[in-house]
Amino acid sequence: MSTLDEADEILDGSEDEIEVTAKDVYEKLLKVWLNEKLSAELLPHHDELVECMMGQIKEIESSLSSRDKNLKTSLQKIELERVKFVISSYLRERLKKIENNVVHILAEEASMEQPRMSPEEMQFAKAFSENLENHFERLALQQMPANMQSLDKKKNIPKPNLESFVFIKVLENVEQVTLDPEEDPVDLDEGSQHIVRYKTIAPYIQTEQVVLI
């Protein structure tokens, strides 16, 4: 039995509480991590998964510290390190996207009903954007003529390339998807794999009907 098989956790569902094991949460976190890593844009945050796994890690580490050192304990510690790596990589990937497209992301976030960033990420993004603007002003704008010292954030700001191609695996049947505006819509069958433009399947990533691979 693995380390994650030994722990259970309660996650809040949309309406009712759903009891799942730590292994279930980790498998979902893996999908979220890969989607974030391979997607062209910043996806909605999943802090509830990260917090759940971090809580489990603390409990399991506390339990392992009181056990005798043996092969099973060593393997469980290795498994915990793998979980920590996934969490760390997931958070780093999100911060990298925020840094690369901070002005664009903040502008989009202001018009969204459901924020993609966690409160901590929003705080980081605002501080990073302000520091970036101040640095650019000191480094460049102040050295320019007065009539060229204004900064229009809406012009030439970095944006994610939603036209990039990605590999997907279909988890649930999706009917009548327009992959190419010049072609008829197609049905995506469960289990099939495709190379498509990111923007055509972006909505189905969030509904968990497809996953990036």
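Me: How many salt bridges does the count come to in this structure?
Reply: The structure is a predicted model, in which local features need pLDDT of at least 70, side-chain atom pairs count only at pLDDT 80 or more, and totals for chains, interfaces and linings use all residues. Residues are numbered from 1 along each chain as its sequence is written, and side-chain values use heavy atoms, with hydrogens and water left out. A salt bridge is a side-chain nitrogen of Lys or Arg within 4 Å of a carboxyl oxygen of Asp or Glu. By this rule the count comes to 13 salt bridges.

Me: Which residue forms a salt bridge with Glu208?
Reply: Glu208 is partly exposed, with a relative accessible area of 42% (buried means under 20%, exposed over 50%, partly exposed in between, with a 1.4 Å probe and protein chains only). In this salt bridge, the closest N and O atoms are 2.5 Å apart. The partner of Glu208 is Lys28.

Me: How many residues apart in sequence are the parts that Glu208 and Lys28 tie together?
Reply: Helices (H or I, at least four residues) and strands (E, at least two) are DSSP runs, numbered from the N terminus. The salt bridge joins Glu208 to Lys28. Because Glu208 lies in the loop between helix H6 (198-206) and strand S7 (210-212) and Lys28 in helix H1, the distance in sequence is 180 residues.

Me: Which helix holds Glu61, the salt-bridge partner of Lys84?
Reply: Lys84 and Glu61 have their closest N and O atoms 2.5 Å apart. The pair links distant parts of the chain, 23 residues apart, with Lys84 in helix H3 and Glu61 in helix H2 (residues 47-65). The helix of Glu61 is therefore H2.

Me: Is Trp33 buried or exposed?
Reply: Trp33 and Phe85 form an edge-to-face aromatic pair, 6.1 Å centre to centre with 85° between the planes. Rings of Phe, Tyr and Trp (its six-membered ring) pair if their centres lie within 6.5 Å; planes under 30 degrees apart count as stacked, over 60 as edge-to-face and the rest as tilted. Phe85 counts as partly exposed at 46% relative accessibility. Trp33, at 14%, counts as buried.

Me: Why is the pair of Phe124 and Phe128 stacked?
Reply: Both residues lie in helix H5 (residues 119-139), 4 residues apart, about one turn of the helix. The ring centres of Phe124 and Phe128 are 5.9 Å apart, and the pair is stacked because the planes are at 25°.
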